[in-house]
Amino acid sequence: MTAPPTIVEMRGISIEFPGVKALQEVDFTLRRGEIHALMGENGAGKSTLIKALTGVYTIDSGQIVVDGAAHAFAGPAAAEAAGISTVYQEVNLCDNLTVAENIMLGHESRRNGSIDWRDMRRRAKGFLARLSLDIDPGSSLSTHSLAVQQLVAICRAMVVDAKVLILDEPTSSLDAYEVQQLFAIMRSLREEGVAILFVSHFIEQVYEVSDRITILRNGLLVGEHLTPELPRLELVSKMIGKSLEALEALEGSTGHTPSEQTGAAPIAQAIRFGRRGTIEPFDLDLFAGEVVGIAGLLGSGRTELARLLFAADHADAGHLVLDGATVKLRNPRAAMRRKIAFSSEQRKVEGIISDLTVGENIVLGVQADRGWARRIPRRKADEIVRKYIKALDIRPTNPETRVGNLSGGNQQKVLLARWLATAPRLLILDEPTRGIDVGAKAEVQHLVAQLATDGMSVVFISAELEEVLRLSHRIVIMRDRRKVAEIRNDETVGLDDVVELIASGGQA
Amino acid sequence: MAIDQLAGRTPVKAAVTSLRRRVRLDRRHLPVVGTLVVLALIFAIGGNRYENFLSGRVFSNLFINNSHLIVLAVGMTFVILTGGIDLSVGAVLALSSILSASLLQNNWPAFVVIPLAILVGTLLGLLVGVMIHVFEIQPFIATLAAMFLARGLCYVISLNSIPIDNPTIVWLSSTRYPIGDSWVVTPSGIIALGVVAVGFYVLHYTRFGRTVYAIGGGEQSAILMGLPVARTKVLVYVISGTCAGIGGILFSVFSRSGYSLTGVGMELDAIAAVVIGGTLLTGGSGFVLGSLLGVLVLGTIQTIITFEGTLSSWWTKIVIGALLLVFVVLQRAIAARRR
Amino acid sequence: MRNLNAMGLVRHRLFWPLAALIALLVANTIRTTSFLNIRVQDGHLYGALIDILRNSSPLILVELGMTLVIATRGIDLSVGAVVAISGALACSFLASAPNPNSIGTVLVACGIALALSLVLGVWNGFLVSVLGIQPIIATLVLMTAGRGIAMLITSGQITMIHSTPFKTIGSGFWFGLPAAVLIAGAVFAVVATVTRRTALGMLIESVGINPQASRLAGVQSRSIIWIVYAAAGVFAGVAGLMISSNIMAADANNAGLFIELDAILAVVIGGTSLAGGKFSLSGTLVGAFIIQTLTLTVTILGIPPAVTPLFKAIVVIAVCLLQAPIVRSRLAVRRPARPVPVEVAA
């Protein structure tokens with residue numbers, strides 16, 4: 001069978017931001033009538049590539065050819081005019097309007113200059129029928145589930161007769177039935193010749209529905225394969241960036257003795273703890289003096305697990321037991337009261353208070369706990385700040401510097417310092433070493449090991465498996481929003497074992 | 001329409017049903033129906049307490065006294081639908097009014113003065129739009145500054161009240177078109193209803209109107225859908241300013257004078273009317289018909305208090321404030337439940 | 001500890017407002033060489049500068065509350081109404097009191113006025129922090145109903161009173177300085193101390209800059225928001241006492257008319273952003289002085305009083321435009337960032 005003609009060809013695309021090469025000479029082709037999955041970890045360049053294709057970013061060099069014609073998109077509207085339509089993860093429709101209005105927004109039927117509502121309803125019904133969606137076009141969008149709203153967004157693509165449909169993480173909030181519904185529609189669109197670019201972190205889904213897979217890493221094209229010809233192990237390895245041989249050559253863990261052997265009771269237990277649409281119910285025991293590493297690919301549910309433990313999100317299944325007593329933590333403050341700390345991976349949005357100083361950011365957690373009236377005595381505050389600036393080597397060393405001006409790595413350290421200052425019993429760290437230079441990374445890892453030795457219970461989430469292996473007493477493997485395995489990290493466990501567990505979904 | 005049925009003491013249910021047939025009734029229209037119920041309730045209270053309350057004369061006076069506010073409320077609806085706010089409309093109304101009075105006093109012809117006065121409103125609206133879009137000043141501050149500017153220009157024109165005796169204005173002011181034996185319609189009322197009709201058409205039958213609703217529903221989404229968001233945001237303030245200009249003319253007609261101190265606080269009345277009319281201050285939901293009803297509610301409260309005689313006028317403010325509170329808390333409760 | 005950093009920020013944002021203030025003062029001095037003179041008479045200080053200080057006192061009080069409220073990403077439109085209510089309550093009490101000249105009676109009058117102002121502030125705080133109503137509409141309710149309440153208290157009359165102790169609040173002198181200035185100064189000092197000596201200032205800024213991160217850091221935003229609205233209410237109450245003391249009457253219609261708008265403008269001119277976050281009390285002070293000086297300048301420069309609002313409007317618009325991002329970036333020659341309207345998963 002000859003390959004169908006290409007509809008999109010991106011050649012040598014490079015995009016650079018101050019200090020970051022987001023994409024370097026990336027080639028990407030999309031063929032008519034195929035479902036093409038785009039995969040890669042954080043910072044791989046997936047979102048940049050898509051934004052280049054949809055006209056949100058302008059490219060520094062390279063060429064974008066759509067249907068034989070070269071394009072330089074000025075904005076999303078221009079890309080849409082060229083036949084490229086996008087459905088974003090948050091759906092991005094207007095839920096104060098009806099289904100029909102959302103489908104036709106910007107392209108309403110008109111008669112004599114004014115909107116022809118009857119014709120609009122008729123056309124909307126037609127588009128909905130093509131997707132086998134039997135809903136009332138006059139109903140408000142907000143009355144429908146996210147799955148249906150997504151399909152409505154896809155209808156918009158049909159209105160403009162899109163040749164290319166980009167689906168960005170469409171299945172993140174869908175249940176199994178809704179996913180199959182979506183896949184059926186994707187397949188029927190494929191039959192009609194539409195090229196579908198499918199971005200997803202769910203490995204099984206990618207294998208189920210896509211024809212081709214492109215893998216990006218650190219802004220570079222790592223591989224493009226026909227899906228049936230790519231073993232899962234190779235996919236995961238390419239995403240993480242280790243060749244199979246190199247995996248075996250890497251050293252294993254340090255083989256710490258887990259405190260389970262001392263017979264101590266867990267300080268925290270999650271029992272069938274979960275949240276619908278976010279993470280499947282899981283069990284997890286956490287002990288003092290132990291580091292539990294959470295390993296898995298981006299989007300596998302690691303952060304979601306952490307947020308549930310910290311009560312940043314509310315669980316709707318199961319419960320949490322602290323020191324033997326079932327608790328219901330209503331908000332992060334309650335969790336902090338129980339000496340749980342959580343350092344978020346989104347440091348800009350959920351971490352640092354950018355206009356405050358380094359010193360203020362560091363003491364914020366402790367101060368918030370004391371309330372506004374009892375200020376931490378000046379001397380004590382200075383002492384705390386100085387201690388952590390030194391311990392974590394925060395640069396610049398002046399505590400009066402505005403945190404927003406610090407580099408990403410130093411901001412992360414300030415965040416870390418804030419949580420360490422609250423002297424927690426359970427410390428949950430989500431990607432604490434992301435964006436930090438090598439030397440600082442080693443310092444942080446050493447610090448984590450020391451904290452555990454001193455009795456703290458640490459949950460350590462990282463995309464870098466070597467780190468997880470080096471520090472953890474136990475490793476929890478996450479995949480597709482489920483905890484799939486939990487292993488004790490002794491001398492026999494190596495990186496390839498973890499990678500295989502991820503790739504196989506726990507069925508090694 | 002439903003309005004005559006009200007005055008004819010037809011039960012509220014029939015009014016609602018007829019509305020249901022005309023307008024596709026779904027959950028979004030509930031707030032407006034709520035306002036209608038409140039209006040009917042207030043009318044019922046009034047009719048119960050006083051003789052002659054449920055008369056054509058009373059109802060006609062509602063429109064005569066409030067046509068300028070109706071026009072202001074229409075413009076304000078556009079702005080609030082996009083999630084913004086316009087604090088300058090009272091001052092712009094005063095500017096338009098006193099400018100027209102001053103020019104007419106200098107024997108300028110009415111057919112030049114009236115469009116000119118309206119144009120002043122349009123220009124101020126454009127200024128606000130530019131401040132908000134190009135200079136990224138928040139709507140609150142930008143319209144506040146415009147309010148000071150307009151008020152300042154008023155004082156420059158004249159500190160005293162300027163009477164109008166131009167024949168066109170006098171004609172507009174004194175003409176009455178009787179309907180039936182107790183109903184009366186004035187040119188101002190017709191203009192006001194005309195503005196409501198145009199507003200309705202634009203919001204529901206043009207792409208611009210749908211973009212207004214889309215922006216209120218989610219500006220980010222609207223941008224991603226390729227809608228002309230920036231242009232639309234500027235235009236709604238132009239519309240609001242133009243409405244204020246028209247309102248100024250109607251006010252000149254009503255008071256047969258121009259005075260630089262009119263319209264103080266009128267923007268709040270407009271906002272209150274819009275909120276009571278069911279429009280969400282967060283944007284994306286609301287109808288001009290609701291705002292019209294909101295103005296009628298305010299007017300009716302005022303009428304009751306006048307009828308009461310012994311109650312002083314400040315009770316109006318308290319009742320309006322309380323009504324506003326009820327509507328706002330209800331909106332919040334419904335929004336919370338939906339989440 | 002934070003002075004150095006705060007000054008850096010303040011200096012940058014306050015540059016134009018301070019320059020404007022100085023320009024105004026210079027213009028005045030050129031016109032009237034005696035402008036900067038301060039003379040002593042009967043042991044009291046007099047002069048144009050003293051007048052500016054005294055006349056800005058009520059505005060400064062209202063502004064202090066407004067600054068804190070705005071710093072939490074809120075706004076308080078009801079302060080004008082609270083000013084009217086406070087004055088109305090105090091004057092009505094004094095008008096019907098058997099001995100309005102006794103200090104005790106005056107203190108009781110002020111006490112109940114301030115108590116009601118506190119209740120109104122708490123009410124606003126309740127609507128915003130507990131019910132989660134948007135600040136602009138929550139305070140709009142009191143703004144609309146408030147003047148009606150004030151008129152209710154005074155029964156629609158402009159209640160005149162005769163009370164010497166009460167008179168000193170607005171126009172009296174203590175230790176040579178106008179009492180109003182001392183009161184405003186004292187409140188300013190209290191607010192400055194409380195916000196900087198306790199953690200309140202930092203937590204307010206934290207909530208305003210990034211409510212999400214603050215929540216995850218364990219900050220109790222509910223009580224903080226409640227406090228700032230209550231404070232705004234009380235300070236407006238004090239301003240109300242001052243204003244009615246100035247005219248020795250309670251004018252429910254005109255007392256504090258537009259003071260909320262002046263206050264918001266002064267706060268913005270002073271460098272605190274309406275979007276919340278870092279606030280500057282000294283910037284607010286400068287903003288108040290600018291507005292007051294503007295009014296005085298207009299008279300001194302011989303500009304007809306009819307033009308005052310226009311003059312004021314133009315200056316205000318100019319300052320706002322100068323603080324606009326697009327102007328700041330043109331002046332700073334900053335590299336423009338790429339437009340990123342959407343967040344796509346990595």
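**View 1. Helix H6 of chain A lies across strands S3, S9 and S10 of chain A.** In this predicted model, local features need pLDDT of at least 70 and side-chain atom pairs count only at pLDDT 80 or more, whereas totals for chains, interfaces and linings use all residues. Residues are numbered from 1 along each chain as its sequence is written, chains are lettered from A and ligands numbered from 1 in the order in which they are written. Helix H6 spans residues 176-191 and runs at about 150° to S10(A); axes are lines fitted to C-alpha atoms, for helices over the stretch in contact (C-beta atoms, placed from the backbone, within 7 Å), and angles run from 0 to 180 degrees between N-to-C directions. Helices (H or I, at least four residues) and strands (E, at least two) are DSSP runs, numbered from the N terminus.

**View 2. Six strands of chain A form an open sheet with mixed pairing.** The strand order is S6-S9-S10-S3-S11-S12. Strands S6 (84-87) and S12 (220-226) stand at the edges; each has a single partner strand, so one side of each lacks a neighbour in the sheet. From one strand to the next, the twist averages 20°.

**View 3. Strands S9 and S10 of chain A run parallel.** Five bridges join S9 (residues 164-168) to S10 (residues 195-199); pairing requires at least two DSSP bridges between two strands. Leu165(A) has Ile196(A) as its bridge partner in S10(A).

**View 4. Ile320(B) is found in helix H15 (residues 314-338) of chain B.** Ile320(B) counts as buried because it has 23 C-beta neighbours inside 10 Å, the cut-off being 20 or more other C-beta atoms within 10 Å, with C-beta atoms placed from the backbone. Neighbours within four places in sequence aside, Ile320(B) contacts Ala272(B), Leu298(B), Ile301(B) and Thr144(C).

Notes. A residue is buried if 20 or more other C-beta atoms lie within 10 Å of its own, exposed if 12 or fewer, and partly exposed in between; C-beta atoms are placed from the backbone. Two residues are in contact if their C-beta atoms, placed from the backbone, lie within 7 Å.
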